[in-house]
Amino acid sequence: MISNYPAIVLVTVLCLATSRGLAAECQGHDLFPALKSEAPAAYATIEAAASAMPFAQGKLFRLSRAGTKPSYVFATLHLSGRRITSFSPRLRAALKDSKIVALESIETGAVLRQAIMTDRPEWRRATVAGENQRADRLLDKTDFAHLEALAARKGLAKSAAREFKPSVLALLLDLPACAVRLSGAKPYLDEFVADIARENKIETVGLETIIEQLTVLDALPRDTERDLLIAILRQADRGEDVIETMVARYAEGDIGGLLAWLRAAEPIPGVAQAQIPPAFLDRLITARNHRMRDRALPFLKRGGAFIAVGAAHLPGKQGLLSLFEKDGYEVETIE
């Protein structure tokens, strides 16, 4: 019965979803050259969207306002690897000199397991699909069989494809095996930032809880949930290319290009139905930008804050940097 879905399963899958980082180097190829040559119209659309975004370039930004110590905003990726976690002396100094470090969430590992076990009914409501949300009701038989096979390849029970909400499945299944962190592997970038903060005895806080990140995706239209699952399936065979494209944009500081590509109608040349639905991304990125802005403002007012959140949350008119600018902060690109 769905209502009796074991809490230990919720613990396992949610810890898997928040324990990402390159277990071994992925061997994919950056999709941008292929888009430019094989789908020039799609590439031009991505480039135009990126070039129109405020704060499209950079990874470290300084926020200044008269009367308070400057704060910093740092773009992260929820991945690991040398190209991602190689910090410049200036970045390390900004982090070590901060009074408080704010991440998207600090609920990982044992903290997350305890949160799930403390309120099992709430976590079931956030993760387990209702009757009309089940993937076997949204997909045709062929696609659902592929979803079950994909879940099995990711180490989940076959029943997970039927039991979990489409948005939860998307978060669990969107990365290839090479990008799922194994025990003892190097920490992903967000955790790396948190480790440095703890080593320097800097207070570390989360701007959201994991359950808030899940529930913001609730009540999406059925068509959106279906299209989301189909996109995850269509992207699955090119998962390592997707990872390399993200890492390449990040390494270049092209966070606007990263966001424009995530929202692209054709993110993978020649692969139909691979677009992540805009309505899903509006919830996953834009809606959360406003919540994180509201929760970060008290730290910025105190001064000396270091805000580290996913790179896709920073650029654009509804990105965090534009929102902070509207709140009266001068935003300066540092690197």
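Two strands count as paired if DSSP finds at least two bridges between them. In this predicted model, strand S1 (residues 60-64) and strand S2 (residues 71-76) meet that rule with four bridges, in the antiparallel sense. Within this pairing, Phe 61 has Val 73 of S2 as its bridge partner.

**Sheet**
- The open sheet has six strands with mixed pairing, in the order S4-S3-S5-S2-S1-S6.
- Its edges are strand S4 (203-206) and strand S6 (330-333), each of which pairs on one side only.
- From one strand to the next, the twist averages 20°.

**Helices across the sheet**
- Helix H5 (residues 89-96) lies across S1, S2, strand S3 (100-103) and strand S5 (305-310), at about 120° to S5.
- Helix H17 (residues 278-302) lies across S1, S2, S3, S4 and S5, and runs at about 160° to S5.

**Aromatic pairs**
- There are five aromatic pairs.
- Phe 32 and Tyr 43 form an edge-to-face pair, because their planes are at 85°, with ring centres 6.0 Å apart.
- This pair joins helix H2 (residues 31-38), which holds Phe 32, to helix H3 (residues 40-51), which holds Tyr 43; the two residues are 11 residues apart.
- Phe 32 is buried at 6% relative accessible area, and Tyr 43 is buried at 17%.
- Phe 55 and Phe 61 have ring centres 6.4 Å apart and planes at 85°, so this pair is also edge-to-face.
- Phe 55 is buried at 16%, and Phe 61 is buried at 0%.
- Phe 74, Phe 87, Phe 192 and Phe 306 are linked into a cluster by ring pairs.

**Charges over rings**
- The charged end of Arg 249 sits over the ring of Phe 32, 3.8 Å from the ring centre.
- Lys 59 lies over the face of Tyr 250, 4.6 Å from the centre of that ring.

Technical notes. Residues are numbered from 1 along each chain as its sequence is written. This is a predicted model: local features need pLDDT of at least 70, side-chain atom pairs count only at pLDDT 80 or more; totals for chains, interfaces and linings use all residues. Side-chain values use heavy atoms; hydrogens and water are left out. Axes are lines fitted to C-alpha atoms, for helices over the stretch in contact, and angles run from 0 to 180 degrees between N-to-C directions. Contact means heavy atoms within 4.5 Å. Rings of Phe, Tyr and Trp (its six-membered ring) pair if their centres lie within 6.5 Å; planes under 30 degrees apart count as stacked, over 60 as edge-to-face and the rest as tilted. Buried means under 20% relative accessible area, exposed over 50%, partly exposed in between (1.4 Å probe, protein chains only). A charge sits over a ring if NZ of Lys or CZ of Arg is within 6 Å of the ring centre and within 35 degrees of the ring normal.
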